[in-house]
Amino acid sequence: MAYEHILAEKKGRVGLITLNRPKALNALCTPLIDELGAALDVFEADSEIGCIVLTGSEKAFAAGADIKEMSERDFIDVYSNDFITDDWEKVAKCRKPVIAAVAGYALGGGCEMAMMCDFIIAADNAKFGQPEITIGTIPGAGGTQRLTRAVGKAKAMEMCLTGRIMDAEEAERSGLVTRIVPLDNLLENALETADKIAKLSQPVVMMAKESVNKAFETTLAEGVMFERRAFHTTFALEDRKEGMSAFAEKRQPNFQNK
Ligand code: CO8
């Protein structure tokens with residue numbers, strides 16, 4: 001499918017989505033978000049795809065929601081139409097794992113979009129921030145919540161109140177990103193990681209993702225019980241038997257996703 005603001009391609013079992021509005025530093029205008037939602041739907045429905053990588057350009061993952069598009073909107077418009085759209089949330093709701101490969105600016109809605117992904121691999125030039133306060137608004141796609149969970153109250157509060165931008169080193173130190181890689185290796189590294197995940201048992205991968213995400217929604221006891229039941233459920237799968245048999249037989253497992 002051809003898109004105007006993104007590129008979507010299959011790399012073996014990995015679905016690669018590249019935000020592609022270079023002149024606007026990948027500002028997340030509504031048509032781009034609609035296309036992103038459509039591309040995610042296609043990869044979610046494609047049984048050959050086991051993991052998705054979301055990336056931008058070397059200069060910007062995304063410099064935020066499109067300020068020019070938002071500037072003329074008023075309260076009754078955004079409230080009545082419940083801006084943000086469901087397509088924004090599709091990244092967070094995707095059942096297949098989504099890795100953000102972030103180079104350059106991930107600001108405002110761009111930082112929020114990266115944080116909706118399951119984890120972030122950062123290039124050494126990555127910059128993260130929630131500068132909405134400097135243009136008279138606040139994060140609206142989960143920034144105050146996900147950033148706080150990722151880096152703790154002190155840094156999240158300072159960033160949301162001042163718009164201070166965090167570099168890649170600080171982002172790694174603070175737990176916002178899983179690791180930093182040289183800019184030139186970012187995509188290769190993210191695709192390699194995604195490929196490893198895509199070759200595992202897909203129902204088990206989905207259960208692991210759901211279980212980790214449960215940690216943000218429940219008490220510890222409820223989360224542990226959710227995990228226990230998901231763990232039990234893996235014993236209903238042929239893939240679980242295959243994985244353990246392969247280990248005992250000193251061979252690579254051949255998962256069938258069932
Ligand atoms: N929206 C629209 N256009 C943008 C955006 C943006 N967020 N960011 C950059 N651009 C455009 C610029 O206007 C410029 O266009 P033009 O060439 O036509 O003038 C082009 O991209 C290049 O940008 P700069 O010339 O500014 O490039 P610099 O390298 O000098 O600076 C910066 C890069 C620092 C990233 C700078 O562009 C900047 O500060 N951008 C805005 C960052 C920002 O404030 N982001 C937050 C936006 S608000 C938001 O995301 C709210 C999210 C709410 C939830 C979402 C609900 C839908």
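Which residues does Tyr105 touch, not counting residues up to four places away in sequence? They are Leu25, Lys59, Ala60, Phe61, Ala62, Ala63 and Lys127, where a contact means heavy atoms within 4.5 Å. Welcome to a short tour of this predicted model, in which local features need pLDDT of at least 70, side-chain atom pairs count only at pLDDT 80 or more, and totals for chains, interfaces and linings use all residues. Residues are numbered from 1 along each chain as its sequence is written, and side-chain values use heavy atoms, with hydrogens and water left out.

**Overall build**

- The protein chain holds twelve helices and ten strands; these are DSSP runs numbered from the N terminus, with helices being H or I of at least four residues and strands being E of at least two.
- For 258 residues, a compact globule would have a radius of gyration near 18 Å, and the 19 Å of the protein chain agrees with that. The radius is taken over C-alpha atoms, and the globule rule is 2.2 Å times the number of residues to the power 0.38.
- The C-alpha trace spans about 60 × 45 × 40 Å along its principal axes.
- Among contacts with a separation of 6 or more, 68% come from residues 24 or more positions apart.

**Surface and charge**

- Of the 258 residues, 42% count as buried (under 20% relative accessible area, with exposed over 50% and partly exposed in between, using a 1.4 Å probe and protein chains only).
- The 31 positive and 39 negative charges have mean positions 6 Å apart. Lys and Arg count as positive and Asp and Glu as negative, while His and the chain ends are not counted; each charge is placed at NZ of Lys, CZ of Arg, CG of Asp or CD of Glu.

**Strand β7 and its partners**

- Four of the five residues of β7 (residues 119-123) are buried, so this strand is largely enclosed by the rest of the structure.
- Strand β5 (residues 98-102) pairs with β7 in the parallel sense over four bridges, where pairing requires that DSSP finds at least two bridges between two strands.
- Strand β10 (residues 179-181) also runs parallel to β7, joined by three bridges.
- Ala122 of β7 stands opposite Val102, and its bridge partner in β10 is Ile180.

**Back to Tyr105**

- Tyr105 lies in strand β6 (residues 105-107) and is partly exposed, with a relative accessible area of 27%.
- Lys59 is 46 residues away from Tyr105 along the chain, yet their C-alpha atoms are separated by 6.5 Å.
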